[in-house]
Amino acid sequence: MEWPGSNGSLCRRKPAEPWAVRRFMMAEYVVVSTAVIDDIWSCDHRHAGCYLGGAGIYALSGLGVWTGSAVLVTGVGGDFLENHGEWFARNRLSTQGLLPRCGPTPVTTVRYQTDESRMETPRFGWEHYEK
């Protein structure tokens, strides 16, 4: 499978190698989910900031409180570790399951509404998650 990279080059996705699966088996817990950047907006249209988010990050954070043996397995953009590697190190969480993909890390714009609900929109489109 090919798709355009963030710099205009073509990226290819290779099938997972058998060793890639085995390297996660050393962890007591394996989380297979997403890691994104949440771009948060309040109901009064104030920008609250951009934060590390996604279900995988929340699950890994919870497991990290109780065990030192958890890994998140997910595709991340080429910019992910540069921007968030320190968070993993500070919280003593493994980055072994982070699988670099071509392009940037997914960003979800989260807009809170006055009725306390929220709307989430992926900045790069839903197809970005297929990468």
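## Ground rules

Helices (H or I, at least four residues) and strands (E, at least two) are DSSP runs, numbered from the N terminus. What you have here is a predicted model, where local features need pLDDT of at least 70, side-chain atom pairs count only at pLDDT 80 or more, and totals for chains, interfaces and linings use all residues. Residues are numbered from 1 along each chain as its sequence is written, and side-chain values use heavy atoms, with hydrogens and water left out.

Let's start with an open sheet of 3 strands, ordered 3-6-7 with parallel pairing (two strands pair if DSSP finds at least two bridges between them). Strand 3 (29–32) and strand 7 (98–101) sit at the edges, each pairing on one side only. From one strand to the next, the twist averages 15 degrees.

Strand 3 and strand 6 (residues 70–77) are joined by 4 bridges; in strand 6, Ala 70 is the bridge partner of Tyr 29.

## Helix 3 and its two sides

Now for helix 3 (residues 80–90): its buried residues (under 20% relative accessible area, 1.4 Å probe, protein chains only) are Phe 80, His 84, Gly 85 and Phe 88. They line one face of the helix, because seen down its axis they fall within an arc of 140 degrees (the arc of the directions from the helix axis to the C-beta atoms).

The face turned away from that buried side carries Glu 82, Glu 86, Ala 89 and Arg 90, which are exposed, meaning over 50%. Just past helix 3, Arg 92 takes a positive phi of about 55 degrees.

Terms used:
Axes fitted to C-alpha atoms, helices over the stretch in contact; angles between N-to-C directions.
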